[in-house]
Amino acid sequence: STKANGAAIFAYLDSTVTLNNVEVSNCSAAQKGGSIFNAGTMTITGGSITGGQGAVGGNIYTKDSLTLSDITIDKGIATGGITIAEDGTVSGGDRTYGGGNIYMEQGQLNIQEGTTIADGTTRFANGGNLYVDVGAVNMTGGVISGGDSITNNKNASGDYKCGGNVALQSAAIFNISSGTVTGGTAHEGGN
């Protein structure tokens with residue numbers, strides 16, 4: 001079944017959640033965080049989160065604090081709530097946001113050693129693997145790779161969508177002291 005937010009795990013405001021060796025796959029949410037919606041303090045160590053689908057944040061939507069260590073997060077899809085008819089007609093949805101694997105509304109995201117964030121996709125949106133609206137990403141290890149920001153049009157402001165791997169808004173900070181960001185593809189208008 002499809003939930004509105006966080007089909008596998010929904011962490012309420014001010015909650016504290018620690019997940020070890022978690023295996024989450026093929027979840028779907030109509031809105032935010034196909035697999036996980038986090039509004040608290042969450043730490044995930046070990047395991048995998050794969051194949052999630054949501055309008056924003058295919059695998060994870062976070063709006064507070066998220067720490068990732070020794071985990072694989074991959075193959076998430078951010079649909080933007082858009083539907084594509086058989087004839088190719090695109091309708092509905094929000095073409096502004098994305099985050100195929102992770103969407104960060106605000107707060108802090110810590111990406112640590114052994115973490116792989118890979119092969120995320122957006123439809124008509126930004127950040128194939130990671131989209132950051134407001135807040136700080138601190139990458140001290142791991143890999144972000146193979147993200148794909150797919151679009152063939154411009155948004156309402158006339159801007160192309162971008163950020164094959166990572167898309168950062170003006171109030172976002174990305175600190176990287178160790179780790180690798182590689183192999184992203186941004187269709188139409190940038191990397």
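These exercises with worked solutions cover one predicted model.

Residues are numbered from 1 along each chain as its sequence is written. Local features need pLDDT of at least 70, side-chain atom pairs count only at pLDDT 80 or more, totals for chains, interfaces and linings use all residues, and side-chain values use heavy atoms, with hydrogens and water left out.

**Exercise 1. The chain as a whole**

Task: State how many helices and strands the chain has, and what share of its residues is buried.

Solution: 
- Start with the terms. Helices (H or I, at least four residues) and strands (E, at least two) are DSSP runs, numbered from the N terminus.
- Count them. The chain has zero helices and 21 strands.
- Buried means under 20% relative accessible area, exposed over 50%, and partly exposed in between (1.4 Å probe, protein chains only).
- Apply them. Of the 191 residues, 47% are buried.
- Look at contacts (heavy atoms within 4.5 Å). Among those with a separation of 6 or more, 74% are between residues 24 or more positions apart.

**Exercise 2. Strand 15 and its partners**

Task: Find which strands pair with strand 15, and in what direction they run.

Solution: 
- Recall the rule. Two strands pair if DSSP finds at least two bridges between them.
- Take strand 9 (residues 65–69). Four bridges join it to strand 15 (residues 108–111), and the two run parallel. Ser65 stands opposite Gln108.
- Take strand 18 (residues 130–145). It too is parallel to strand 15, with four bridges. Here Leu109 faces Val137.

**Exercise 3. Aromatic pairs**

Task: Classify the ring pair Phe10 and Tyr12, then the pair Tyr61 and Tyr103.

Solution: 
- A pair of aromatic rings is described by the distance of the centres and the angle of the planes.
- Use the cut-offs. Rings of Phe, Tyr and Trp (its six-membered ring) pair if their centres lie within 6.5 Å; planes under 30 degrees apart are stacked, over 60 edge-to-face, and the rest tilted.
- Count. There are five aromatic pairs.
- Phe10 and Tyr12 have ring centres 4.8 Å apart and planes at 65 degrees, so this pair is edge-to-face. Phe10 is partly exposed at 36% relative accessibility. Tyr12 is exposed, at 60%.
- Tyr61 and Tyr103 are stacked, at 5.0 Å centre to centre with 10 degrees between the planes. Tyr61 lies in strand 8 (residues 60–62) and Tyr103 in strand 14 (residues 102–104), 42 residues apart. Both tyrosines, Tyr61 and Tyr103, are buried.
- Join the pairs. Phe10, Tyr12, Phe37, Tyr61, Tyr103 and Tyr131 are linked into a cluster.

**Exercise 4. The salt bridge**

Task: Name the side chains that meet in the salt bridge, and decide whether each is buried or partly exposed.

Solution: 
- Set the limit. A salt bridge is a side-chain nitrogen of Lys or Arg within 4 Å of a carboxyl oxygen of Asp or Glu.
- The structure holds one. It joins Asp74 and Lys75, at 3.8 Å from N to O.
- Asp74 has 12% relative accessibility, so it counts as buried. Lys75, at 49%, is partly exposed.
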